[in-house]
Amino acid sequence: MTKARLWGVVPAAGVGQRMGAACPKQYLPLAGATVIEHSVQALLDHPRIERVVVALQANDERAARLPLLSNPRVLRAQGGAERCDSVLSALSALQKFAYDEDWVLVHDAARPCVSAADIAALVARTLESGLGAVLAQPVLDTLKQVDVEGRVTTTVDRQQFWRAQTPQMFRFAELRSALQRALAQGQLITDEASAMEWAGYPVQVVEGSASNIKITRPGDLELADYYLQQIAQ
Ligand SMILES: Nc1ccn([C@@H]2O[C@H](COP(=O)(O)OP(=O)(O)OP(=O)(O)O)[C@@H](O)[C@H]2O)c(=O)n1
Ligand SMILES: C[C@](O)(CO)[C@H](O)COP(=O)(O)O
């Protein structure tokens, strides 16, 4: 039997509304590059990832100006209205290369600080177990459930809660089918794991680093700059 191969997908077609910047946040400058270049490069640096498909907005002129996105190992796909639509579009572009049993790592363009060690840990655990996995962080604060009026209804057991990060790694055909079916059924899909859970697959967490933040709001960029300096040392 041939060895399953690894592929990358980077959804990068968001508008960055919460960031409120003059351009989508993935094109903001960060530590000598742009946010998206750090995120794509992190996948390209993994020795087993063959190619990375980046889902972009239609006619994205900023992407056209980034040499990294013209790297022969980078493919482009047109993104969709929601993150999950962008991921599905990238998976469709992969179809002529990937076998059903291959693995795909989906990584937000907006998470530029993921470390090589975290990606290696995710890949190792997934390949060892044969089960899909996501990087995640255990919740460290006391967790409150709050009603619509802002009143605490209860304190929940934080040990049961983890914050999902990316990359998230699943088998190519299983992920594509789970996303297609979940969307057709009108499910709310905010990450790949939610489609896989809905489809009945086991999903495991691999503890990632707190530095793997998602650039979401103003202020996150300074923090990302700090983390990238720490990682580089
Ligand atoms: N239609 C979409 C929406 C989001 N994304 C990507 O999914 C990742 C995580 O999404 P998020 O942080 O929510 O990004 P935005 O949708 O751009 O942010 P906002 O919700 O503030 O507009 C980002 O890399 C973003 O570019 C995408 O590819 N296609
Ligand atoms: C995929 C994700 O990064 C996991 O935390 C997240 O779901 C991205 O999107 P969101 O729109 O900020 O929920």
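**Core, ligand shell and backbone exceptions**

V54 touches V10, A12, V40, L69, V74 and R76, leaving aside residues up to four places away in sequence. Contact here means C-beta atoms, placed from the backbone, within 7 Å. The model is predicted: local features need pLDDT of at least 70, side-chain atom pairs count only at pLDDT 80 or more, and totals for chains, interfaces and linings use all residues. Residues are numbered from 1 along each chain as its sequence is written, and chains are lettered from A and ligands numbered from 1 in the order in which they are written.

V54 also belongs to the largest nonpolar core, which has 64 residues. Such a core is a set of buried Ala, Val, Leu, Ile, Met, Phe, Trp, Tyr and Cys residues joined through C-beta atoms within 7 Å. Buried means 20 or more other C-beta atoms within 10 Å, exposed 12 or fewer, and partly exposed in between. V9, V10, V53, V54, A55, V87 and V104 touch the most other members.

Ligand 1 is surrounded by 22 residues (C-beta atom, placed from the backbone, within 6 Å). The closest are P11, G14, Q17, R18 and S86. Strand 1 (6-12) and helix 3 (83-94) each give two or more residues to this shell. Helices (H or I, at least four residues) and strands (E, at least two) are DSSP runs, numbered from the N terminus.

Most residues other than glycine have a negative phi, and most peptide bonds are trans. A31 has a positive phi, near 45 degrees. A31 sits in the loop between strand 2 (29-30) and strand 3 (33-34). N59 also has a positive phi, near 50 degrees. N59 is exposed, with 8 other C-beta atoms within 10 Å. A cis peptide bond joins T166 and P167, with omega about 5 degrees.

Key. Contact = placed C-beta atoms within 7 Å.
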